[in-house]
Amino acid sequence: MTGTIQFSVPAVPAEVGPVVEVRDRFLRHITQAQPGAPIELEAGLYLASVVLPTGGVDQQPVEVLEGETVEVQLGPGAAVHPYAAALAVDLPGERPQEWFARLRWADDGSPVSRELDDDLSFTAPADGREGLISLQVAVPGRVPYTCMLPVLPGQTCQVRVVSGAGEVRATALPTGATVTASIARYVAMGHLRQAAHAVANARDALTDPVGAALGAYALLRLGRLEEIEDVPALPDGAVIAAELAARAGRTGDAERWLREAVRRGTPMFADGLSLLATRLRPLWPDDERVARILDLATRADFAQVVVAYPGTQPVGATDGWQRFH
Amino acid sequence: VTEPWIERADVSGPRTHALVLGVSAYAHLVDGGQGETFGLQPLRSAAASAWAFAQWLTERYRPPSAPLATVRLLLAPSAEESAQFADLPDVPRPTRENVEAALFAWRRDCSVRPEDVAILYAAGHGVMLAKDEGGFVLLEDFADPDRPALANSLDVPSVRRGLAGPAVAQQQFFFIDACAVRPEVARTMQTLRGGVGLDEPAEAPPSVAPIYSSAAPGTLALGAPGMGTLFSQALIECLDGLASSPDRAGQWVVTDTSLVGPLRDRVMELAGQHGEEQVATAGGTLGHVVLHQLVAGPALEVSFSVEPVEAAPFCFARLNDGDGGTIVERSSLHEPLIKTVPAGLYTVDVVIDPPDSGPYVAKQKALFLQPPSPTPVVVSVS
């Protein structure tokens with residue numbers, strides 16, 4: 001009285017290790033399945049579900065027939081713009097008719113040698129310079145808006161620019177069929193457990209500091225501290241190390257890492273800025289550099305994945321705008 | 001003030017203790033007020049929102065292991081709210097003195113056993129600091145000219161840090177339904193000190209302490225008079241099923257993690273209906289723990305029809321649950337059939353009657369109906 005199901009989830013990179021959850025007709029969880037690996041079940045009605053790298057969830061009822069093999073594809077073959085849904089959730093709104101953008105190195109405000117592409121993708125120059133890149137967007141007569149780009153040299157992200165109430169805002173997520181991109185979309189859509197699962201499954205493949213930082217934040221948020229093995233070489237790395245030390249009760253280590261985080265400057269991700277502000281406020285609120293971070297936190301949009309805020313702090317250059325319309 | 005509004009003495013073992021406060025009326029935010037008001041005006045929806053949440057707790061909250069034991073409720077309704085809600089209870093006002101007393105009594109209740117659950121809901125003007133901290137919620141006597149600017153506020157970060165230690169409730173849920181002040185005011189306020197908080201022991205933080213906030217810093221929380229804030233509307237809809245999903249046993253539950261996306265999406269959707277923008281954020285530590293169990297799958301309205309439409313006069317549908325039991329008896333699909341059924345797995349059988357009505361064939365289709373709203377079910381009989 002059994003049949004077989006075999007799932008495929010073509011839109012999910014194999015290294016992310018998509019897990020198909022299988023429930024019985026009473027919605028009781030009965031097993032997990034890996035794509036491509038057939039499983040045998042009693043004949044009957046089941047529910048199969050998987051979280052896609054777009055951040056969405058595909059759930060399909062499946063009828064298992066005695067003696068037969070059912071092949072079930074979950075999710076699309078390949079999404080044309082797999083980042084689109086996550087970006088739209090990360091920063092809802094309509095694209096402005098005309099706006100200006102410029103790219104700056106976050107540490108000293110100097111211009112970046114490469115511009116935003118027409119399709120609003122951006123690839124960080126691989127010219128030997130390390131550091132975070134910020135995108136500033138503006139419409140005439142309004143306060144510009146800054147967001148950190150989740151890229152290191154040679155990596156690509158997709159930018160989204162919206163307007164509302166006369167203000168212009170921007171966000172960005174990593175692109176490509178990478179674990180980092182999948183983790184970022186999971187986080188943007190609120191699927192923290194799937195993000196953590198992707199980190200755990202792709203630990204050996206996750207050498208990218210951007211993905212490592214995003215994954216570490218998801219694990220921190222879920223209290224799975226023991227799964228954070230390395231801290232990435234980003235400003236966020238110091239925040240993550242400080243948070244790990246603080247939660248382990250290693251106060252001295254935590255303070256040392258917090259000072260390092262202040263030295264490294266604005267984190268790439270909003271989770272990092274939030275954790276940093278939360279830890280710094282009771283310690284050294286009157287320190288000038290700490291006060292700048294706390295001030296930034298009051299303006300930041302913590303609904304976004306990357307650090308983003310009205311204004312152009314920490315730099316204030318006035319030229320080099322790239323026009324979009 | 002330290003006595004709960006609701007106290008259920010019959011609860012034994014782990015229990016839930018809630019502190020709920022809502023401030024719409026501000027004593028010093030009036031014409032001629034002498035204190036530093038930062039240009040703030042009284043609110044219209046905060047007290048009603050807190051009242052709605054307190055009612056939800058007392059009437060519908062079903063945690064898996066820590067039933068509701070106490071609710072401390074403090075309200076400062078606007079005149080409009082008092083007129084609209086005749087059943088608003090006569091409870092202490094959320095002044096600094098009262099909130100401090102209630103807060104410490106709540107902390108005492110939450111410090112009995114680690115299996116307990118602590119819930120804090122605060123609505124009013126606020127300064128959001130970071131999504132892991134919450135911020136300050138301004139109390140009814142805010143802007144008292146004889147007090148420091150933030151003295152009469154609730155210092156949520158301090159409360160979070162203060163609820164620490166091995167004996168304290170290890171599941172803590174914070175809902176900060178704050179009408180976030182303008183950015184320039186927030187920048188000033190974030191440097192100030194002195195709100196109502198707790199002693200902050202150097203103890204281990206709780207294992208689960210998510211914080212859901214109504215508005216990102218620098219944005220304005222919205223509310224419609226008589227309807228509560230958009231955040232409270234969305235929160236209660238989410239708790240009543242919008243954010244539910246089946247747990248491993250098939251029971252529909254709302255967890256700390258399942259609340260994140262739907263709450264954000266619903267707040268955004270409600271704000272969009274008012275032509276505004278608002279976002280909800282989730283911070284703190286989540287543990288994928290169950291906050292609320294539903295009695296049954298959330299009720300969903302679903303539409304059934306067939307294609308091609310010419311077949312509709314000859315088609316009849318029967319809806320069966322996953323166990324084969326009939327949920328909706330044979331019904332005509334001449335017009336789209338609209339039914340309200342609990343979320344779950346179903347099969348719909350469409351038969352053609354009379355069978356020789358045309359080139360149509362009977363079909364069976366499996367369905368998974370889930371919140372927020374299932375897409376219309378269209379069965380092809382061609």
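**Close-up 1. Salt bridges between chain A and chain B.** In this predicted model, three salt bridges (a side-chain nitrogen of Lys or Arg within 4 Å of a carboxyl oxygen of Asp or Glu) cross the interface of chain A and chain B. One is made by A:Arg221 and B:Asp132, whose closest N and O atoms sit 2.6 Å apart. Local features need pLDDT of at least 70, side-chain atom pairs count only at pLDDT 80 or more, and totals for chains, interfaces and linings use all residues; side-chain values use heavy atoms, without hydrogens and water. Residues are numbered from 1 along each chain as its sequence is written, and chains are lettered from A in the order in which they are written.

**Close-up 2. How the two chains meet.** Chain A brings 47 residues to the contact and chain B brings 46 (heavy atoms within 4.5 Å). About 3700 Å² is buried between them, 55% of it from carbon and sulfur atoms; buried area is the accessible area (1.4 Å probe) that two parts lose on being put together, summed over both.

Close-up 3. E15 (residues 299-307) of chain B runs antiparallel to E18(B) over six bridges. Across that pair, B:Leu300 faces B:Val341 in E18(B).

Terms used
Pairing = 2+ DSSP bridges. Helix = DSSP H or I, 4+ residues; strand = E, 2+ residues; numbered from the N terminus.
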